[in-house]
Amino acid sequence: MLLNPGNFKPSIPQNSTNPLWNELVEHKNVIARKSISELFEQNPDRAQQFSLKTSGLLLDYSKNLVNDQTRSLLIELARQAGLQTAIEAMFNGEVINQTEDRSVLHIALRESFQDNHRLAINSEIQQVQDRIQEFVEQIETGQWLGYNGLPITDIVSIGIGGSDLGPRMVYDALAPYQNPSINIHFLANIDGSDFINTVHGLSPETTLFIIASKSFSTLETKKNAEAARSWFLQQGGVESDLAKHFVAVSSNVAAAVEFGITESQVFPMWDWVGGRYSLWSAIGLPIALGLGYENFRALRAGAHQMDHHFLTAEFEQNMPVIMAMLEIWYQNYFGARSHAVLPYDNDLRRFPEFLQQLDMESNGKSCNRSGQPLDYNTGAVVWGSSGTIGQHSYHQLLHQGKQLIPVDFIVPLNSHNPVADHHSHLYSNAVAQSQALMLGKTLDQARSELFDAGLDKAEVDRLAPHRVIPGNRPGNMLLMDYLEPTSLGALIALYEHKVYVQSVVWDINAFDQWGVELGKQLSQSIHNQLIDEKQQPVFDGSTNELIALFRKGKI
């Protein structure tokens with residue numbers, strides 16, 4: 001069985017006026033005595049009834065500990081949380097990020113120009129998209145030349161967080177669509193090793209730097225931008241050449257100009273685009289440059305298809321809603337504290353890392369939208385890696401560990417790089433892992449296998465318990481025909497909307513990230529102590545000692 005109903009006390013709002021939270025407790029106590037395999041035995045059509053298809057994606061969620069009643073109760077919980085109103089509020093441009101007094105309109109960046117008639121920002125978006133397209137064409141055709149009249153061959157995107165994770169993930173994921181004449185490099189870490197490794201082998205004559213920072217003051221990005229400018233000047237460039245080799249994506253035009261970037265080469269951002277949702281904006285410039293503008297457009301089109309589905313589909317057939325409510329089911333009623341995302345496509349290897357920011361920065365909150373402390377769990381630890389690699393490491397924990405860890409398997413039906421029978425083995429491994437999580441292996445099955453192998457009873461009694469696999473562990477299967485721009489766009493938007501649905505049901509703000517700021521504030525005061533040995537450290541004993549060790553340069 002998945003869990004004994006008494007093993008985990010549901011983590012739900014204790015003073016909620018919505019009786020469904022408690023009704024789901026009663027339902028959980030009943031269904032937790034069942035197994036997913038039993039549900040398949042009772043319903044031969046379960047795979048069809050618990051799957052849905054939209055926007056080039058198919059979600060099979062039949063291997064979850066849910067039945068029709070579970071789904072109905074979870075959907076009704078979402079309705080009573082005001083989900084429909086919340087979805088419409090976002091699409092209508094209302095201020096749903098209350099702590100920063102902002103609308104949340106990344107969805108507007110992927111609507112077609114004609115469909116964008118509701119928004120006053122319509123023309124601004126189109127102007128920026130036109131500028132991106134024009135810039136990409138200038139680079140591709142060699143109209144934009146470096147200071148020695150040579151075309152650009154390498155582009156270094158300098159950013160961090162949302163200004164890096166999204167573009168980097170998309171560029172890698174769509175490797176078959178990359179322009180072979182343009183090499184895209186990404187620089188995020190303030191570790192000097194990252195900078196040196198990135199610029200190694202590059203020529204200043206043919207390299208273009210993109211400084212991506214909404215404020216143009218983010219420490220890591222600012223320091224790497226300064227290092228890039230110094231490198232450029234030390235390698236033979238001069239101040240007057242900077243304009244040919246540096247552009248920016250920022251809302252702080254003045255700071256970018258002061259840095260040395262021509263004002264016309266600053267691509268604007270807006271405060272209604274959060275960093276983790278910004279790859280659709282000019283932050284996606286490396287995507288457009290590396291993959292071509294039409295593929296960038298197709299990426300946005302795929303996301304728009306998912307947006308339309310999210311806005312219009314009934315909740316029972318709404319893919320983001322279903323995925324969100326399944327995770328709430330396991331987190332709040334079964335004690336799951338992490339969620340594994342396992343893409344069985346090597347090009348998607350950075351997708352779990354991208355989702356870590358999207359999900360954990362959005363829903364890692366401890367107070368509700370009214371500022372009251374929460375008495376229930378929100379947000380999961382998101383993790384994973386590509387393909388069969390994990391089967392030889394952490395899958396052991398998924399199958400036999402004591403923790404409940406729901407899994408999303410993401411699998412293209414076809415490969416861009418067919419090699420012998422590799423892809424059929426890759427696909428069969430994904431399906432087998434999903435099946436194994438559900439089926440497990442009983443003690444009787446383990447004993448039978450050992451007897452069949454010729455072991456005597458004493459050895460069977462000794463070894464069989466180690467081969468028992470609990471099973472009854474949930475997993476979703478997400479399929480697509482190919483990993484290509486539109487399906488990737490839809491996949492990203494699917495998880496964006498899933499995160500938003502959860503935030504609505506949990507009554508938290510998914511669009512601020514105040515927890516990120518404290519470490520930044522403390523870092524500056526600690527840095528001042530590190531570089532000024534005349535100052536006496538005034539922090540806690542551990543921090544003071546760590547500062548002293550840095551000053552000494554050895555342990």
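## Largest cavity

Helix α14 (319–334) contributes the most to the lining of the largest cavity, namely 4 residues; helices (H or I, at least four residues) and strands (E, at least two) are DSSP runs numbered from the N terminus. The model is predicted: local features need pLDDT of at least 70 and side-chain atom pairs count only at pLDDT 80 or more, whereas totals for chains, interfaces and linings use all residues. Residues are numbered from 1 along each chain as its sequence is written, and side-chain values use heavy atoms, with hydrogens and water left out.

The volume of the largest cavity is about 70 Å³. Its lining has 13 residues, of which Leu 326, His 339, Pro 406, Asp 408 and Asn 476 are the closest to the centre. Besides α14, strands β12 (407–412) and β13 (475–480) give two or more residues to this lining. By class, the lining comprises 6 nonpolar, 4 polar and 3 charged residues (Ala, Val, Leu, Ile, Met, Phe, Trp, Tyr, Cys and Pro count as nonpolar, Asp, Glu, Lys and Arg as charged, and the others, Gly among them, as polar). The model has 4 cavities of 30 Å³ or more.

On a 1 Å grid over the protein atoms alone, a cavity is a set of points where a 1.4 Å probe fits but cannot get out; a pocket is an open set with protein on both sides within 12 Å along at least five of seven lines, and lining residues have an atom within 4 Å of a point. Grid points are joined across faces, edges and corners, and a volume is the space filled by probe spheres set on the points.

## Largest pocket

The largest pocket has a volume of about 1,200 Å³. It is lined by 45 residues, with Thr 218, Gln 513, Val 516, Glu 517 and Lys 520 nearest its centre. Helix α21 (515–531) supplies the largest share of the lining, 6 residues. The lining divides into 14 nonpolar, 18 polar and 13 charged residues.

## Parallel sheet

Five strands form an open sheet in the order β6-β5-β7-β8-β9, with parallel pairing. Strands β6 (183–187) and β9 (266–267) are at the edges with a single partner each, so one side of each has no neighbour in the sheet. β8 (residues 246–249) pairs with β9 over 2 bridges, where pairing requires at least two DSSP bridges between the strands. Val 266 in β9 is the bridge partner of Ala 248.
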